[in-house]
Amino acid sequence: MQDQILEILYKNKGKYVSPAEITSILNINQDELEKNVAILEECGYIIDSSYESGIRLIESTHLVLPYEIKRELKTNYIGHKIHYFSKIDSTNIAAKKLAEDGAPEGTIVIAETQTRGRGRRGKKWISPAGGIWMSIILRPEISPAEAPQLTLMTGVAVAKTIKNKFDLDVGIKWPNDILIGSKKVCGILTEANAKFNTLDYVVIGIGIDANVATESFPSDIRINATSLKKELGEEINGSELIQDFLKIFEDNYDALKKGQFPEILVEWRKLSKTIGSYVEVHKQGGKIVKGEAIGINKDGALILERENGNLRKVISGECLHREKP
Ligand code: BT5
């Protein structure tokens, strides 16, 4: 019902609509209308209801509600099913459960806050209000070994979305961080479930510090993190950002399914802040590999040129950009 009321208010572009008109279109009584308008106000919509003039929408909500995401969504299947939570442990955990229960490809899980947001290898992802915490369920017919391609193509989609929308120095740090300048604004966590050497499903978790107040982060994380709000000096519309992202994401994913990953890699390289930088890659187990990043190969592995001129392929690890010694 709230969605239908919103549809009428949006259609009238901020002009007053009489309650009698709304109740007759929706076949509800005045009490029901008032109850639903109150719910919309609780959801953050600013609505002006005056006895003489009627009802009008003054300002949309800041919440990333399914109605707002779907309103101008231009995708064919990604984001057509949305599971929304104001608070959840982790959207990736919820998406994995939904995928196990047969949720279709393109289903997304989104939350305003996460209490146990997750990064890679058990690391924590801080997820206060104002961020975009979202997971997408995919069922690609690719081998488990090709799953890292999905992380890279998602990184390209996030970076491209931010670049197209805002005049910011956005780029990708290998393998999965989106940076503005040298600070992290988004992280991606891909979790794959394989059966008999084929992928049953993949959950791609995307965390974007959209309108997050990074000042509240612990100091060790704060120095390396930023938000779109901080960079732009104003709040952004989260639902619009999600709509644009999902469209670019779907285009990339469709291209990948058609065998066009090499083209996505070309874009990744263009958006990369790592290639050309001197890096330290901290591998699991404590080993550190240093060198100049000169490229990534078709599997997404980073190629380093070491001080002795030898090339070294690095498949995974924590990559730090450093001053060249
Ligand atoms: C990532 O891990 O960057 C993947 C983050 C994925 C988060 C999304 S949100 C929706 C979905 N549901 C989940 O539970 N997760 C996904 P990694 O590369 O391991 O980076 C983790 C590190 O980033 C932490 O150890 C901190 O140093 C830093 N960090 C934590 N929270 C941050 C934040 N909000 N913004 C920037 N940096 C953060």
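The dialogue below takes up a helix pair, the ligand and some backbone details.

Colleague: How should I read two packed helices?
Modeller: Two packed helices are described by the angle between their axes and the distance between the axes. Keep in mind that this is a predicted model. Here the axes of α6 (residues 148-165) and α9 (residues 238-257) come within 9 Å and cross at roughly 140°. Angles over 145 degrees would count as roughly antiparallel, so α6 and α9 are oblique to each other. The crossing of α6 past α9 is right-handed.

Colleague: Which residues of α6 and α9 meet there?
Modeller: On the α6 side they include L150, M153, A157 and T161, and on the α9 side they include L241, F245, I248 and Y253. The residues of this contact comprise 11 nonpolar, five polar and four charged.

Colleague: Turning to the ligand, which residues come nearest?
Modeller: S90, R118, R120, K184 and D209 do, out of 27 residues around the ligand. K184 places a polar side-chain atom 2.8 Å from a ligand oxygen atom. For ligand nitrogen atoms, look at Q114, with a polar side-chain atom at 2.9 Å, and at T91, with one at 3.1 Å.

Colleague: And the backbone?
Modeller: Most residues other than glycine have a negative phi, and most peptide bonds are trans. K13, in the loop between α1 and α2, has a positive phi near 40°. The peptide bond joining W174 and P175 is cis, with omega about -5°, and P175 sits in the loop between β6 and β7.

Terms used: Residues are numbered from 1 along each chain as its sequence is written. This is a predicted model: local features need pLDDT of at least 70, side-chain atom pairs count only at pLDDT 80 or more; totals for chains, interfaces and linings use all residues. Side-chain values use heavy atoms; hydrogens and water are left out. Axes are lines fitted to C-alpha atoms, for helices over the stretch in contact, and angles run from 0 to 180 degrees between N-to-C directions. Helices (H or I, at least four residues) and strands (E, at least two) are DSSP runs, numbered from the N terminus. Angles under 35 degrees count as roughly parallel, over 145 as roughly antiparallel, 65 to 115 as roughly perpendicular and the rest as oblique. A crossing is left-handed if the near helix is turned anticlockwise from the far one by less than a right angle, and right-handed if clockwise. Contact means heavy atoms within 4.5 Å. Ala, Val, Leu, Ile, Met, Phe, Trp, Tyr, Cys and Pro count as nonpolar, Asp, Glu, Lys and Arg as charged, and the others, Gly among them, as polar. A residue is near a molecule or strand if one of its heavy atoms lies within 4 Å of it. A polar contact is a pair of N or O atoms within 3.5 Å; within protein, one must be able to donate a hydrogen and the other to accept it, and residues adjacent in sequence count only if both atoms are side-chain atoms.
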